[in-house]
Amino acid sequence: MNGYQNCVLRVNLSENRISREELNAEWTANYIGGKGLGIKYLYEELQPNTDSLSPDNKLMFFTGPFTGTIVPCSGKLAIIAKSPATNTILDCSIGGHIAPELKYAGYDAVILEGRANVPSYILIHDKSVEILPANELWGQGSHAVETALLEKYGHSAKILSIGPAGENLLPMACINSDYYRQAGRGGIGAVMGSKNIKAVVIKGSGDIKAANMPELLETVHRFMREDLLTDTNLWAHTDGTAMIVDLAQATGILPTHNFQSGSFDGYQSLNAEAVGAARVGKKGCFSCALGCGNFTRKGNRQVEGPEYETLALCGSNCGISELDAVIEFNRLCDDLGMDTISAGNITAFAMELTEKGLKDFGLKFGDVETYLTVPAKIAYRDGIGAELALGVKELAARYGGGEFAMEVKGLEFPGYEPRGSWGMGLAYATSDRGACHMRSWPVASEAFGDIDPFTADGKAQLVIDLQHYNAVKFSTILCDFWALSLDTLAEILSLVTGREFTVAGLEETGERVVNIARLFNQREGFDRKDDTLPGRIFNEYITTGATAGKNLPRPEFEKMLADYYTIRGWDKDGKVSEAKASDLSL
Amino acid sequence: MAVHITVTLGGPLKKYRLAADTVDVPPGTTISGILSTLGIPAESVSLLVLNGSKALATEVLKDGDHITIYPPVCGG
């Protein structure tokens with residue numbers, strides 16, 4: 001098949017066995033690659049109720065047909081496993097340059113099984129695959145690991161690694177690459193740590209065949225001019241995601257003080273202008289013409305970011321208006337291998353528990369000194385970190401505060417206040433991996449667009465359409481910052497693969513991916529009872545800013561959810577019917 | 001008597017900026033009128049913020065107003 005290497009590398013760590021197999025062609029027709037194909041493989045291969053941190057869980061790395069080609073914004077890698085944070089399906093994506101390197105090494109995907117007997121790393125150099133001891137790397141931060149491996153294997157090597165958080169099996173541990181890029185959510189780094197794998201080093205020297213190269217070249221250049229490098233996408237280059245701080249503040253959805261408010265007095269210290277003033281460089285992923293990455297520096301310490309999610313969750317949500325402090329918190333989390341969205345939420349939740357007298361963690365909104373001690377305490381389970389490492393859901397079970405424990409299915413909230421964007425509430429509740437903004441982002445149409453944010457009407461269809469769009473985009477695999485149409489996507493996909501793709505077919509693929517993910521979760525016991533939001537969203541009114549006086553009334557939420565199930569053809573418990581599964585060839 | 005307003009453009013929309021950020025416009029000018037004057041295509045605009053709050057393009061500008069115009073954003 002054009003666009004694919006038609007090869008899956010399977011590494012059984014327990015048995016030190018390395019094998020190669022043909023990529024399942026039937027599944028690529030139905031799921032394309034990346035997110036969709038990875039979820040299909042995990043669904044078929046994982047036994048229900050597998051312990052996510054046991055050797056029986058699998059860690060899968062999937063590219064897509066665009067990976068490694070000239071298609072812009074296609075530099076992402078999908079990483080799939082059962083989540084230690086939520087026990088749901090978990091797929092993350094990571095940017096940088098690792099995905100094309102894997103493809104150039106000759107593989108569409110790598111599947112890790114079992115558990116290495118000793119701390120190890122995997123070296124993939126084209127057909128040569130080795131499992132090597134990682135004794136000197138174990139215990140080190142992600143940045144030091146990447147530097148050591150680049151020095152050993154040369155700077156053309158590409159590396160995935162975990163930090164101490166992954167080694168210590170934390171539910172917010174991430175996988176890093178290119179120093180500052182993360183597959184961040186749901187504890188994907190803990191799955192890698194549970195397999196005793198500190199890093200994966202990849203060197204590839206092959207190439208990828210597209211079906212119609214001359215026309216692909218011409219078409220890509222046309223779309224670059226007319227569809228990519230336009231006002232609609234170039235915000236990612238000029239400002240990056242920090243731009244969203246101002247938009248969120250103006251619309252009252254900037255999480256502040258653990259989502260007690262939707263606006264923050266110190267927002268101007270965290271916005272794109274402030275980040276721009278601290279900027280020392282720019283960076284883009286492989287094949288990206290946008291280059292959304294911003295390097296900022298504090299003293300002699302540098303970070304790529306902070307991105308909006310970090311500015312919001314580790315900034316305003318913790319009451320921190322000092323950009324230097326957020327940069328340092330970001331850098332610590334990156335090096336320790338920890339998701340800033342969850343780390344920021346946990347810190348803010350602990351601050352509110354302390355404020356309300358439910359449990360004294362010694363943390364206070366706006367107190368930089370104690371705030372900066374949190375990442376290391378969590379990563380090493382040191383002192384208060386032993387409890388903070390449990391995550392918001394478990395902390396609430398232990399100390400109370402469930403009403404303001406901002407999580408869904410155990411995954412902490414991204415940086416958008418649902419009381420100012422009701423569709424976002426539905427998106428969090430129905431996302432396949434818990435509270436997530438990457439499955440659908442109705443904020444753009446509601447808070448930042450023309451659709452009324454404060455009505456349940458039409459929101460189910462809006463969220464469903466966006467979920468299908470993102471599911472298919474992340475299966476090809478493209479970055480979400482290119483706002484391309486499905487027409488464009490179908491045209492490029494046809495030229496790369498030689499198969500005929502249509503908009504209707506892609507919409508069906510999106511629906512299929514969402515449904516197979518739902519089936520995975522259903523098999524794990526998830527249903528309607530889990531598709532909900534914390535009490536704060538239903539019962540508390542925001543008191544300041546553009547969303548003052550707003551909540552998301554529970555009956556309105558229930559209406560959106562019921563509409564959502566009806567449109568999806570799921571039953572009243574949110575379960576995928578056999579008829580729907582059959583219709584979609586699941 | 002002219003209405004004195006300030007216009008801020010977000011991200012890539014800066015290329016549409018006027019000679020000065022603060023300008024005088026005729027009474028009755030709407031935000032939509034400013035967008036036309038600047039030559040910003042409708043599809044290049046998402047959020048309009050007037051004096052810190054979300055605004056509609058039909059709103060009439062008053063003396064001292066500050067309008068910020070943002071392009072569409074995606075992802076998050």
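Begin by selecting Arg523(A) and Tyr43(A): Arg523(A) lies over the face of Tyr43(A), at 4.2 Å from the ring centre. A charge counts as over a ring if NZ of Lys or CZ of Arg is within 6 Å of the ring centre and within 35 degrees of the ring normal. Lys198(A) lies over the face of Trp138(A), at 6.0 Å from the ring centre.

The model is predicted, so that local features need pLDDT of at least 70 and side-chain atom pairs count only at pLDDT 80 or more, while totals for chains, interfaces and linings use all residues. Residues are numbered from 1 along each chain as its sequence is written, chains are lettered from A and ligands numbered from 1 in the order in which they are written, and side-chain values use heavy atoms, with hydrogens and water left out.

**The sheet of chain A**

Select next the six strands of chain A that form an open sheet of mixed pairing, in the order S2-S1-S6-S3-S4-S5. Helices (H or I, at least four residues) and strands (E, at least two) are DSSP runs, numbered from the N terminus, and two strands pair if DSSP finds at least two bridges between them. At the edges stand strand S2 (17–21) and strand S5 (89–94) of chain A; each has a single partner strand, so one side of each is left without a neighbour in the sheet. Direction ignored, neighbouring strands of this sheet are turned by 15 degrees against each other on average; the axes behind this angle are lines fitted to C-alpha atoms, for helices over the stretch in contact, and angles run from 0 to 180 degrees between N-to-C directions.

Move to strand S1 (residues 8–12) of chain A, which is joined to S2(A) by five bridges in an antiparallel arrangement. Here Arg10(A) stands opposite Ser19(A) of S2(A). S1(A) also pairs with S6(A), in the parallel sense and over five bridges, and Val11(A) stands opposite Leu112(A) in S6(A).

Now colour strand S6 (residues 109–113) of chain A by accessibility. Five of its five residues are buried, so the strand is largely enclosed by the rest of the structure. Buried means under 20% relative accessible area, exposed over 50%, and partly exposed in between (1.4 Å probe, protein chains only). Ala109(A), Ile111(A) and Glu113(A) point one way from S6(A), whereas Val110(A) and Leu112(A) point the other way. Strand S3 (residues 59–62) of chain A pairs with S6(A) in the antiparallel sense over four bridges, and Leu59(A) has Leu112(A) as its bridge partner in S6(A).

**Salt bridges**

Stay with the side chain of Glu113(A), which forms a salt bridge with Arg10(A), the closest N and O atoms being 2.6 Å apart. Glu113(A) lies in strand S6 and Arg10(A) in strand S1 of chain A, so the pair ties together parts that are 103 residues apart in sequence. Both Glu113(A) and Arg10(A) are buried.

In helix H2 (residues 34–45) of chain A, Lys40(A) and Glu44(A) are four residues apart, about one helical turn. Their side chains meet in a salt bridge (2.6 Å, N to O). Lys40(A) is buried, at 5% relative accessible area, whereas Glu44(A) is partly exposed, at 39%.

**Aromatic pairs**

Select Trp235(A) and Phe481(A). Their ring centres are 5.3 Å apart and their planes stand at 70 degrees, so the pair is edge-to-face. Trp235(A) belongs to helix H8 (residues 235–238) and Phe481(A) to the loop between helix H19 (459–476) and helix H20 (486–497) of chain A, 246 residues apart. Rings of Phe, Tyr and Trp (its six-membered ring) pair if their centres lie within 6.5 Å; planes under 30 degrees apart count as stacked, over 60 as edge-to-face and the rest as tilted.

Phe329(A) and Tyr371(A) have ring centres 4.5 Å apart and planes at 15 degrees, so this pair is stacked. Finally, display Tyr308(A), Tyr416(A), Trp441(A) and Phe448(A), which form one aromatic cluster.

Key:
A salt bridge is a side-chain nitrogen of Lys or Arg within 4 Å of a carboxyl oxygen of Asp or Glu.
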